Amino acid sequence: MPHVLPDLTTPTARRPAPTERMDENAVLEPYDGMLVSETAYWRFYADWPDVTYEWHNGRLEAKGVSDWATILVFQWFTGLIRYFLDSHRGGQLVNQELGFTLSLTAHGASRRSIRRPDTAVILTDNPDQLQPADRRYQGVFDLCLEALSDSDPEQKARDQVIKYREYAQVGVEEYYILAGNLDDCAFFRRDPQGRYQPMLPDQDGVMASVALPGLRWRQRDLVRQPSLEALLADPVYQGYVLPEFSRAKADKAAALQRADQEARRADQEARRADQEAARAERLAERLRQLGIDPHLLE
């Protein structure tokens with residue numbers, strides 16, 4: 001079905017009435033694939049109420065949806081990042097409400113895209129910081145995360161191929177793709193040549209971020225999604241998941257240990273005092289048996 005171009009001269013004429021009968025099995029969003037200018041995108045479609053649109057090669061692209069397993073993985077992992085940023089005061093966590101513009105080069109030609117990562121991070125040393133009144137991000141995110149949209153091959157390729165190339169080219173230091181299926185999860189770090197290289201776990205299956213030093217996680221935990229209580233007891237996460245709790249717990253344990261040591265010392269002192277008193281009493285008894293008043297020795 002051909003798209004009907006709306007009148008872009010007024011924001012009230014956003015959704016034209018369809019002129020053709022749509023296949024009842026079609027899942028196209030209203031304006032997915034429609035040619036619009038970058039100005040029109042920001043003016044009309046960046047805050048579209050029903051669909052999240054991105055802009056690529058002059059066309060609108062509707063962001064796909066993820067299955068529930070992917071959403072659970074994404075929520076758990078972004079929770080880790082929030083704990084990290086809170087404990088390290090290390091930056092801003094941004095959701096997909098704010099897009100950013102990518103100035104790209106392909107086959108020698110310049111082009112632009114507007115992407116809205118499901119979650120992104122702006123570190124404190126990034127020269128472009130968000131301000132309270134901002135409705136878009138003017139810089140380049142330090143870390144982008146996408147919950148894999150796998151409802152159709154095109155949506156999946158957008159996350160795994162197109163955004164992979166775009167984010168690397170504009171300088172996003174790390175790019176994470178999260179999915180309910182562990183085999184579809186991918187973590188990339190930008191190398192000195194500006195290309196993404198896969199991040200690999202260590203021998204214990206622990207991954208570590210370079211963009212966010214100290215952020216660590218186990219690959220299998222993406223699916224297991226340990227509880228907060230379990231994270232607080234796990235050395236992999238203790239350094240940034242509510243570290244004040246771990247410190248308070250350690251301080252309490254140290255205080256209890258000191259109290260126990262003091263109690264043991266007091267008990268030992270009491271035992272020594274009892275032993276000295278018993279020895280003194282035995283000596284006094286012997287003196288009395290010899291007809292000597294023990295008090296004369298005091």
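Colleague: Which residues does F77 touch, leaving aside residues up to four places away in sequence?

Modeller: F77 touches L145, Y176, L178, F187, W217 and L222. Keep in mind that this is a predicted model.

Colleague: What makes F77 part of a nonpolar core?

Modeller: Membership takes a buried residue of a nonpolar type such as Phe, joined to others through side-chain atoms within 4.5 Å. F77 belongs to the largest such core, which has 53 residues. Along with F187, L212 and W217, F77 touches the most other members. Helix α2 (residues 68-88) supplies the largest share of this core, eight residues. As background, nonpolar side chains in soluble globular proteins tend to be buried together.

Colleague: Which residues are included in the second, separate core?

Modeller: That core has 16 residues, among them V51, W55, L60 and I114.

Colleague: What makes β2 and β4 edge strands?

Modeller: They belong to an open sheet of four antiparallel strands in the order β2-β1-β5-β4. β2 (59-62) and β4 (100-106) each have a single partner strand, so one side of each has no neighbour in the sheet. From one strand to the next, the twist averages 25 degrees.

Colleague: How do you know that β4 and β5 pair?

Modeller: The requirement is at least two bridges, and β4 and β5 (residues 109-115) have seven, so they count as paired, in the antiparallel sense. One example is T101, whose bridge partner in β5 is I114.

Colleague: Now some charges. Why is the contact of D221 with R224 called a salt bridge?

Modeller: The cut-off is 4 Å between a side-chain nitrogen of Lys or Arg and a carboxyl oxygen of Asp or Glu. For D221 and R224 the closest N and O atoms are 2.3 Å apart, so the pair qualifies. The two residues are three apart in helix α4 (residues 221-224), which means that about one helical turn separates them.

Colleague: Are D221 and R224 buried or exposed?

Modeller: With a relative accessible area of 0%, D221 is under the 20% limit and therefore buried. R224 has 53%, which is over 50%, so R224 is exposed.

Colleague: What makes E262 and R265 partly exposed?

Modeller: Partly exposed is the range between the buried and exposed limits. E262 has a relative accessible area of 45% and R265 has 40%, so both fall in that range. They form a salt bridge, with the closest N and O atoms 2.2 Å apart.

Colleague: How do you know that R288 and E281 form a salt bridge?

Modeller: Their closest N and O atoms are 3.2 Å apart, which is within 4 Å, so the pair counts. R288, at 41%, is partly exposed, and E281, at 45%, is partly exposed too.

Colleague: How many salt bridges does the structure hold?

Modeller: The structure holds 25. Some are linked in a network whose members include E54, E61, K63, R111, R115 and D118.

Note on methods
Residues numbered from 1 in each chain as written. Predicted model: local features only at pLDDT ≥ 70, side-chain atom pairs only at ≥ 80, totals over all residues. Heavy atoms only, no water. Buried < 20%, exposed > 50% of the residue type's maximum accessible area, 1.4 Å probe, protein only. Contact = heavy atoms within 4.5 Å. Axes fitted to C-alpha atoms, helices over the stretch in contact; angles between N-to-C directions.
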